[in-house]
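Here is a briefing on one protein model. Please look over the sequence and the structure before reading on.

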Amino acid sequence: MDIRSLIREIPDYPSPGQTYYDLTTLLADGPGFHAVIDQLAERYASRGIKKFACMEWRGFIIGAALAYRLDAGFVPIRKLGKLPGATISREHDFGHTSERIEMSVNVIAPGESVVLIDDMLATGAVSEAAAMLIHDLGGKVSECCFVHELAALKGRARLEKRGLSVFTLWSD
């Protein structure tokens, strides 16, 4: 199935001259959403992945379905102040400012194999911070996985420079 055809392009959003790739149209299509989860499940089924760490919000949808399908754990990574209990956090660049993301401290055991999931790879800043959180807890990021990659923003290069493997279903 051509998942690209299910992703809606919204011109001049979030600002003039930019194009937003809306994956909610893909998620709303039953066969399309199923195809995404099937492709990713096939990729990770034999790799011994213990956890899927996912960034809010569309990453949660994809990662939770995949974790359920592969009998693995789901680890939410959120903006600062959104998780209860003890957390660790990391800062990342967000345009002309910075922002912190956090993860609960008791969700990844040392040595656990983790796949980092999000819907889109843009600059790679958020994913880089998320991978560092996993590393801080002793986890091993087996791969950073995305449905769509905005190649022009060079997020892949940023993550690979950190020694992280990157997989995307679709890149433009």
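How many disulfides does the structure hold? It holds zero, a disulfide being a pair of cysteine sulfur atoms within 2.5 Å. The model is predicted: local features need pLDDT of at least 70, side-chain atom pairs count only at pLDDT 80 or more, and totals for chains, interfaces and linings use all residues. Residues are numbered from 1 along each chain as its sequence is written, and side-chain values use heavy atoms, with hydrogens and water left out.

- C54 is in no disulfide, and the nearest cysteine sulfur, that of C145, is 9.3 Å away.
- C54 counts as buried because its relative accessibility is 0%; buried means under 20% relative accessible area, exposed over 50%, and partly exposed in between (1.4 Å probe, protein chains only).
- For C144, the closest cysteine sulfur is in C145, at 9.1 Å, which is too far for a bond.
- C144 also counts as buried, at 0% relative accessibility.

**Helix 2**
- Helix 2 covers residues 30-44; helices (H or I, at least four residues) and strands (E, at least two) are DSSP runs, numbered from the N terminus.
- Its 15 residues should span 21 Å at 1.5 Å a residue, and the end C-alpha atoms are 21 Å apart, so the two agree. The expected span is 1.5 Å times one less than the number of residues.
- A side-chain oxygen of D29 comes to within 2.6 Å of the backbone nitrogen of G32 at the start of helix 2. A polar contact is a pair of N or O atoms within 3.5 Å; within protein, one must be able to donate a hydrogen and the other to accept it, and residues adjacent in sequence count only if both atoms are side-chain atoms.
- The buried residues of helix 2 are G32, A35, V36, I37, L40, A41 and Y44.
- Their cover includes helix 1 (24-28), helix 3 (58-69), and strands 3 (51-55), 7 (113-121), 8 (140-149) and 9 (166-171).

**Helix 3**
- The twelve residues of helix 3 should span 16 Å at 1.5 Å a residue; the end C-alpha atoms lie 17 Å apart, which agrees.
- R58, G59, F60, I62, G63, L66 and A67 are its buried residues.

**Aromatic rings**
- The whole structure has four aromatic pairs. Rings of Phe, Tyr and Trp (its six-membered ring) pair if their centres lie within 6.5 Å; planes under 30 degrees apart count as stacked, over 60 as edge-to-face and the rest as tilted.
- One of them is Y21 with W170, edge-to-face, at 5.8 Å centre to centre and 70 degrees between the planes.
- This pair links distant parts of the chain: Y21 is in strand 2 (residues 19-22) and W170 in strand 9, 149 residues apart.
- Both Y21 and W170 are buried.
- Y44 and F52 also pair edge-to-face, at 6.0 Å centre to centre and 75 degrees between the planes.
- Y44 is buried at 2% relative accessibility, and F52 is buried at 0%.

- S113 lies in strand 7 and is buried, at 13% relative accessibility.
- Not counting residues up to four places away in sequence, S113 touches G48, I49, K50, K51, K140 and S142; contact means heavy atoms within 4.5 Å.
- G138 sits in the loop between helix 4 (125-136) and strand 8, and is partly exposed at 34%.
- G138 and P110 are 28 residues apart in sequence but 4.1 Å apart in space, C-alpha to C-alpha.
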